[in-house]
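Here is a short briefing to read alongside the coordinates.

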Amino acid sequence: MAFSDLLTSSRGPGVIGTLLALLIIVGFGTLYMFVFDEGLQGGGKRIEAVIRDQGLEIDGLQKHIANSKERIAEGQTFVKQADEITQLEARAELERKRIAGLEAERDGAQAELEAADKKFEDYKDAYRASEWAAAVGESFEELKTASGVVYNRAVIRKVDHIGVEITDETGNRRIDSAELPAELQDRFQFDSAKKEAAATEEDEIFKTHSGNVQIATLAKQAQDKLVQVRGLNEKIRKAEAGIRRFKADEPRMRLAIEKKKADISNERAKRGGISRAPQMQVELRQMEDVYGTARRSVPAFEREIRDSRNSITRLDREVNDIKREIARLKDADAAASGK
C-alpha cells in the first residue's frame, strides 16, 4: 500500500486523512473554547480585563508594601523617642534627688542661721542693758530730736525699749526712740518688737476706769492710738521680713535663672528627638516673673516701713501728750479731794 493510499482510497479518506481531520476538528474546538467560552477567559471577563485587573491588584499590593515600610520606619522613630523619654525621666529623677539634697542643706543652714540669730539677740540684750545703765546721768547742752524739737540742758534719767526719759529746763520728758538723733538710736540699739511689748504693758493705765469723764475719754483716745501703733509695728515687721527673705533668696533665684538659660541653650543645640526648649522657655519666663515681682516688692516694703515709722512717731507723741494730761488731771483730782 502506497502512502497516497493512506491518505485516500476508493472508499473514502484513508487512515491518516481521517486522523488529520480529527486533529483539525479538535484544534478548532479548543480555539473556540478559549476565544468564545467566558469561563475559560477568567470568570466571565475578557483576557484584556483580566490583565488589567491583575495589574491593578499588583499596584495595590505594591502600595501596601510601601505603606508597610513607612509604618515600620515610623515605628522605629517611636522606639527612638521612647528611649529619649526614658533618658529624660531618669535625668528628671536625678534632678529631683539633687533638689531634695539642696533643700535639706537649706533647712540645715536655716536652723544654723536661727541659732546664730538667737545668740546674736542674746548678745544685743546684754549690750542694751549695759549701755542703757551707763547712759543714766549723761547730760546734753542741747538735745535735738529728729522732728526738730530742741531740749536744752537735758539729762538722761532712764533708757528703756520705748525711748529715753530726760529732765530739761521745762521738767521731765520722754523722747520716743524714733525721735532720738541717729547717733543715739545707733548707740542704744532699740528693737521695734520689744518696744511694742513694753508700750502695751506700760499702757495698762488706760484700762483703769475713772469717775472723771475727761480722763476716761482721754484714756479711750490713747487706747485707739495704741491699737494703730500695734498695727503699724506689725506692718513694719512683715515688711522687714519680706526684705530679708528677698535678700536671702535672691542669689539662689538668680543662679536658677542662669542655669535654666544654659539648659535651654543646650536643649536647642541637640539634633533630632523631642525638644523641650519651648516648655523650658515657659518655665524660664515664670521664674523671671517671680524674681521680678520679689525684686519690685523691696522698694514698696521700704516705703511702707518709712511711712509706718513716721506715723508711729506721731501717734507716740500724741499718746505721751495724753499721758501727761491724764497725770495732770489726776493730780488735780487728788488736790481737790484733799481740800
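Does Asp 125 count as buried, exposed or partly exposed? With a relative accessibility of 31%, Asp 125 counts as partly exposed, because that value falls between the 20% and 50% cut-offs. Please keep in mind that this is a predicted model.

**The chain as a whole**

- The protein chain holds 7 helices and 6 strands.
- Following the sequence, these elements come in the pattern α-β-β-α-α-β-β-β-β-α-α-α-α.
- Of the 339 residues in the protein chain, 23% are buried.
- Among contacts with a separation of 6 or more, 54% are between residues 24 or more positions apart.
- The protein chain has an accessible surface of about 23,600 Å², and carbon and sulfur atoms account for 57% of that surface.

**Nonpolar cores**

- As background, nonpolar side chains in soluble globular proteins tend to be buried together.
- In this model, the largest nonpolar core is made of 16 residues, and Tyr 291, Ile 305 and Ile 312 have the most contacts inside it.
- Helix 6 (213–269) and helix 7 each provide at least two residues of this core.
- The biggest contribution to this core is from helix 6, with 9 residues.
- Beyond its neighbours within four places in sequence, Tyr 291 is in contact with Phe 246, Glu 250, Met 253, Arg 254 and Ile 257.
- Another core, of 13 residues, lies apart from that one, and its members include Ala 135, Tyr 151, Ala 154 and Val 159.

**Aromatic rings**

- The count of aromatic pairs comes to 4.
- One of these is the stacked pair of Phe 120 and Tyr 123, with 6.2 Å centre to centre and 20 degrees between the planes.
- Why are Phe 120 and Tyr 123 separated by about one helical turn? Phe 120 and Tyr 123 are about one helical turn apart because they sit 3 residues from each other in helix 3 (residues 47–135).
- Phe 120 is partly exposed, at a relative accessible area of 46%.
- Trp 132, Phe 188 and Phe 190 make up one aromatic cluster.

**Salt bridges**

- The count of salt bridges comes to 30.
- Asp 125 pairs with Arg 128 in a salt bridge whose closest N and O atoms are 2.7 Å apart.
- Both Asp 125 and Arg 128 belong to helix 3, where they are 3 residues apart, about one turn of the helix.
- Glu 196 forms a salt bridge with Arg 237, and the closest N and O atoms are 3.0 Å apart.
- Because Glu 196 lies in helix 5 and Arg 237 in helix 6, this pair ties together parts that are 41 residues apart in sequence.
- Arg 237 is partly exposed, with a relative accessible area of 28%.
- In the salt bridge between Asp 321 and Arg 324, the closest N and O atoms are 2.2 Å apart.
- Asp 321 and Arg 324 are 3 residues apart in helix 7, so about one helical turn separates them.
- Asp 321 counts as partly exposed at 39% relative accessibility, and Arg 324 is partly exposed with a relative accessible area of 34%.

- Glu 196 is located in helix 5 (residues 192–202), and it is buried with a relative accessible area of 12%.
- Not counting residues up to four places away in sequence, Glu 196 touches Arg 230, Asn 233 and Arg 237.
- Ser 308 is part of helix 7 (residues 277–338), and with a relative accessible area of 2% it is buried.
- Leaving out its neighbours within four places in sequence, Ser 308 is in contact with Leu 232, Lys 235 and Ile 236.

Methods. Residues numbered from 1 in each chain as written. Predicted model: local features only at pLDDT ≥ 70, side-chain atom pairs only at ≥ 80, totals over all residues. Heavy atoms only, no water. Helix = DSSP H or I, 4+ residues; strand = E, 2+ residues; numbered from the N terminus. Buried < 20%, exposed > 50% of the residue type's maximum accessible area, 1.4 Å probe, protein only. Contact = heavy atoms within 4.5 Å. Areas by Shrake-Rupley, 256 points an atom, 1.4 Å probe, with all protein chains shown as cover. Core = buried A, V, L, I, M, F, W, Y, C linked by side-chain atoms within 4.5 Å. Phe/Tyr/Trp six-rings, centres within 6.5 Å; stacked < 30°, edge-to-face > 60°. Salt bridge = Lys/Arg side-chain N within 4 Å of Asp/Glu carboxyl O.
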